Amino acid sequence: MRILCCGNRHRGDDAAGLLVADRLRELGLAAQTLSGEVTEVMEAWRGAESVILVDAVVTGARAGTVHAWDGRDLKACVRSSASTHGLGVGEAIELGRTLGQLPAKIRIYGIEATQFAPGTTASPEVEQAAEAVAREIACLAKSA
Amino acid sequence: MTTSAGKTIKVDTLARVEGEGALYIKYAGQQVADVKLKIYEPPRLFEAFLRGRHFSEAPDITSRICGICPIAYQMSAIHAMEKALGIRIDPAVRLLRRLFYCGEWIESHALHVYMLHAPDFLGYQDVVAMAKDHRSTVEKALRLKKAGNRIVQLMGGREIHPLSAAVGGFHKVPTKSQLRELVEDLEWALQASLEAVAWTAKLEFPNFEPDYEFVALRHPEEYPFNEGHLVSNRGLDIDAAEYEEHFVEVHVKHSNALQSMLRARGSYLVGPLARFNLNFDKLAEEARQAALDVGLKPPVRNPFKSIVVRAVELVFACTEALRIIREYEPPAAPRVEAPNHAGSGQAITEAPRGILYHHYSLDENGLIVTAKIVPPTSQNLKRIEDDLREYAVGLATWPLEEATWKCEQAVRNYDPCISCATHFLKVVIERD
């Protein structure tokens, strides 16, 4: 199982994925950190049967809400706007599906983010959510 | 049918560009009354927070300005600092810097040609929609971009915000065998780039040829990356040290990004068209022949054909990277030491989307006293507005939705990096 965590540590709640990676590493698990750029993400899951992908998401829920989706069932993927030229994790999933390059199993954890100001750190709600997501992934990894 | 005449074309968030911006075009009857490229992304104040930092920090700080052209920022910063400090670099280091730049051009041009600009020509909302009908083309784009990523990763330690470039050289240089590992990918990328030239040349281009002043670097022996005189098709021929005598940045009310102008003549165009028109004779033979094979020769004045020129530059970058790898002998030392002393230096290098100017002054401890950065998109902003002012006239009787689409496409001709210039794009067309 390959664990991919996306985010930017210097843009507030966008650090969510990286905080999960930090915690997973403390728990002795390998987690790959990514900026979320479309080709980088597609390259990172190449050859993997099973992938867990963690990123900050905006759905309108309150900060720190944890969403878990099956990436292969995610029909209308939320599009990225804050990534390079607007091509990010959302587009990677859509392109992966269109091109037949999605891993056989892909579980996505989205941590609701509400603030992305440059130079700020994640909110306490997002930090708590990252802890909870890391623990859940650790359990999944043990049972895998 | 709703036409553009007497209306406003409004795009509140321009897509497929880097950063945040909006486009507003107002018609009075069939005349274009107003054009504003509104850059609302907040200013990022990099020049201010470089002050007081050591010169050695400038390459890594300025590379953070952009996720798509960090190498351009590193190269302009490094060359300006080396000029301020009077440092001469090993010829092998110079070659490696050109290879590093080839990586960035391949990444950036592959992304723009296939994934950002091609959907405009083919009538798709984005590359995801395009991929459903053009699967193999998008797969090729991803592989081509990856070939560039590999160069950047090897040279810079990682793909995004690479780290190894330094004032005086590199922190670490690759071995010959590490570079040879790139050859197979690059040979494939060269063939894919030749196909890209033929493929883009078959797209349909609007009939639009403004009378541009093209501005690019020109080097006596090479297609330009890091060095050369700044020249134009209207007689400009200056050293980087003279840049501020000839160019001025102007603040306009509707934009957080400064607009650069030639003091004597106003707007000008930088980027692939300018480089191609002013340096056609310096292109590698494969690239020049690929252009001629599709009937492309200077002067190319149609900005929509920039997609073909980018493909030609992909051929060039792959050819040049392969040449450098063949000729590479590692330098005696990765870098020369750079001692602290006072000085001032300016440098211009060719980012994928055009010239990038840096100017620094240093105190006796090597700390930055002043910093000035003029990114390519700031240099093109006034010209983009001028293009739209001319181009929108012909769209007055077009259905509003189609006119808006065409105007967005015209902006994307420039592959603008608004994050750099303020450092994204919405379009509004208004008609009475």
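Helix H13 (residues 376-391) and helix H14 (residues 400-412) of chain B pack at an angle of about 150°, and their axes lie 10 Å apart. Both belong to a predicted model, in which local features need pLDDT of at least 70, side-chain atom pairs count only at pLDDT 80 or more, and totals for chains, interfaces and linings use all residues. Residues are numbered from 1 along each chain as its sequence is written, while chains are lettered from A and ligands numbered from 1 in the order in which they are written. Helices (H or I, at least four residues) and strands (E, at least two) are DSSP runs, numbered from the N terminus.

**The helix pair H13 and H14 of chain B**

- For the angle above, axes are lines fitted to C-alpha atoms, for helices over the stretch in contact, and angles run from 0 to 180 degrees between N-to-C directions.
- H13(B) contributes Ile384(B), Asp387(B), Leu388(B) and Tyr391(B) to the contact, and H14(B) contributes Cys407(B), Ala410(B) and Val411(B). Two residues are in contact if their C-beta atoms, placed from the backbone, lie within 7 Å.
- An α-helix has 3.6 residues a turn, so residues three or four places apart point the same way.
- Is the crossing of H13(B) and H14(B) left-handed or right-handed? The crossing is right-handed; a crossing gets that name if the near helix is turned clockwise from the far one by less than a right angle, and left-handed if anticlockwise.

**Chain B as a whole**

- Chain B has 15 helices and 14 strands.
- Its radius of gyration is 21 Å, close to the 22 Å from the globule rule for 432 residues, so chain B is as compact as a globular protein of that length. The radius is taken over C-alpha atoms, and the rule is 2.2 Å times the number of residues to the power 0.38.
- The C-alpha trace of chain B spans about 70 × 45 × 35 Å along its principal axes.
- Buried residues make up 56% of the 432 in chain B. A residue is buried if 20 or more other C-beta atoms lie within 10 Å of its own, exposed if 12 or fewer, and partly exposed in between, with C-beta atoms placed from the backbone.

**Nonpolar cores**

- A nonpolar core is a set of buried Ala, Val, Leu, Ile, Met, Phe, Trp, Tyr and Cys residues joined through C-beta atoms within 7 Å.
- In the largest core, of 150 residues, Ala16(A) and Val312(B) touch the most other members. Helix H4 (residues 91-122) of chain B supplies the largest share, 15 residues.
- A second, separate core of 25 residues includes Ala22(B), Leu381(B), Ile384(B) and Cys407(B).
- Leaving out residues up to four places away in sequence, Val312(B) touches Val197(B), Phe276(B), Ala287(B), Ala290(B), Ala291(B) and Leu296(B).

- How many of the eight residues of helix H10 (residues 272-279) of chain B are buried? Eight of its eight residues are, and Phe276(B) is one of them.
- Among the elements that cover H10(B) are helix H12 (306-327), strand S11 (343-351) and strand S12 (354-362) of chain B.
- S11, S12 and S13 of chain B form, in that order, an open sheet of three strands with antiparallel pairing. Its edge strands are S11 and S13 (368-374), each pairing on one side only.
- Two strands pair if DSSP finds at least two bridges between them; S12(B) and S13(B) have six. His358(B) has Ile373(B) in S13(B) as its bridge partner.
- Helix H3 (residues 70-85) of chain B lies across S11 and S12, at about 150° to S11(B).

- Five strands of chain A form an open sheet with mixed pairing, in the order S2-S1-S3-S5-S4. Strand S1 (residues 2-6) and strand S3 (residues 50-57) run parallel, joined by four bridges, and Leu4(A) stands opposite Leu53(A) in S3(A).
- H4(A) lies across S1, S3, S4 and S5 of chain A, at about 160° to S5(A).
- Thr120(A) sits in the loop between strand S5 (105-112) and helix H4 (124-143) of chain A. Thr120(A) counts as partly exposed because it has 14 C-beta neighbours inside 10 Å.
- Ala30(A), in the loop between helix H1 (16-26) and strand S2 (32-34) of chain A, has 11 such neighbours inside 10 Å and so counts as exposed.
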